[in-house]
Amino acid sequence: MSIRQYWFVLWELTKRELKRKYARSFLGILWSCVYPLMRMALVVVLFSTIFNKGIDKYPAYYFVGFLMFEFFATATQTSLTTLKDNRNLLIKSKLPRELFVLSRVLTAFVNFLLGCIPFALVLACYRTPITINYYMIPVVLLLLLIFTTGVSYAVSIWFVFQRDAGNIYSNFIFILRFFVAMFYSIDWVAAGVRWVIEHNPVYLYIYILRQCVVYGQRPEWMYVRNGIIWAAGMFVVGILIFKKYENDVVERL
């Protein structure tokens, strides 16, 4: 399969996933913009008296964490079952199996980009200036995309061999949500918990984007370096696991 054919098939699979996602939705694709805005409003109302005085531009602070974590959670959780969901197509066609995982990741990424529209409105409300540090936006999003793809490859194979993986991973994501400093400041937690959060790759990407976009500051090189290492390392591990076991997928399914 040529590169052009590869990307064409990937795009068609992604379009199919998007149509499936919004097939029974009244708001359709608009829901990807409305939902994060509603979540932000709810959290701000509930926690404004607790956190708002300690975190500058709290709605924007929360919005970044929510959007990026939801992308990671949605992409990996939907990728978990993608090989099982496409079992018939896997048997009947000779399409590269990694395309089915990539289509789920890209579908989640499209939803993430749509969620950035109301986020831009929140930034506009704060009259947040556009700084030179905005050049880091595509860099950090690419790193998050690569890291998420690597995790998605690994969990999709995991589910094939262990059907309890769905329940285990759902609980893992639920717990992880509280260790990315989504709605609180990392300065407020104990040293041990802070160490765990700072070494959480998802938090690294959230922190970098917050610094660049919400506060117009250049992130420390340590965070950028670690983000690159995590993205490259997880992608390599994920694709190696996927390639090692992909030939056993049909038999296991």
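Tyr207 counts as buried, at 14% relative accessibility. Its partner in an aromatic pair is Tyr223, which is also buried, with a relative accessible area of 8%. This is a predicted model.

**Ring pairs**

A search of the whole structure finds 17 aromatic pairs. Phe109 and Phe112 form one that is stacked. Both residues sit in helix H6 (residues 98-125), three residues apart, so about one helical turn separates them. Phe109 is buried, at a relative accessible area of 15%. Phe112 is buried too, at 4%.

The Tyr207 and Tyr223 pair is tilted, because its planes stand at 35° and a stacked pair needs planes under 30 degrees apart. This pair links distant parts of the chain.

| Pair | Centre to centre | Angle between planes | Class |
|---|---|---|---|
| Phe109 and Phe112 | 5.8 Å | 25° | stacked |
| Tyr207 and Tyr223 | 4.3 Å | 35° | tilted |

Ring pairs also build a cluster, made of Phe72, Phe147, Tyr205 and Trp230.

**A charge over a ring**

Which residue lies over the face of Tyr61? Arg210 does, at 3.6 Å from the ring centre.

**Helix H7**

Helix H7 covers residues 136-161, 26 residues in total. From its first C-alpha to its last, H7 reaches 38 Å. That is close to the 38 Å expected at 1.5 Å a residue. H7 is mostly covered, with 19 of its 26 residues buried.

Methods
Residues numbered from 1 in each chain as written. Predicted model: local features only at pLDDT ≥ 70, side-chain atom pairs only at ≥ 80, totals over all residues. Heavy atoms only, no water. Helix = DSSP H or I, 4+ residues; strand = E, 2+ residues; numbered from the N terminus. Expected span 1.5 Å × (residues − 1). Buried < 20%, exposed > 50% of the residue type's maximum accessible area, 1.4 Å probe, protein only. Phe/Tyr/Trp six-rings, centres within 6.5 Å; stacked < 30°, edge-to-face > 60°. Lys NZ or Arg CZ within 6 Å of the ring centre and 35° of its normal.
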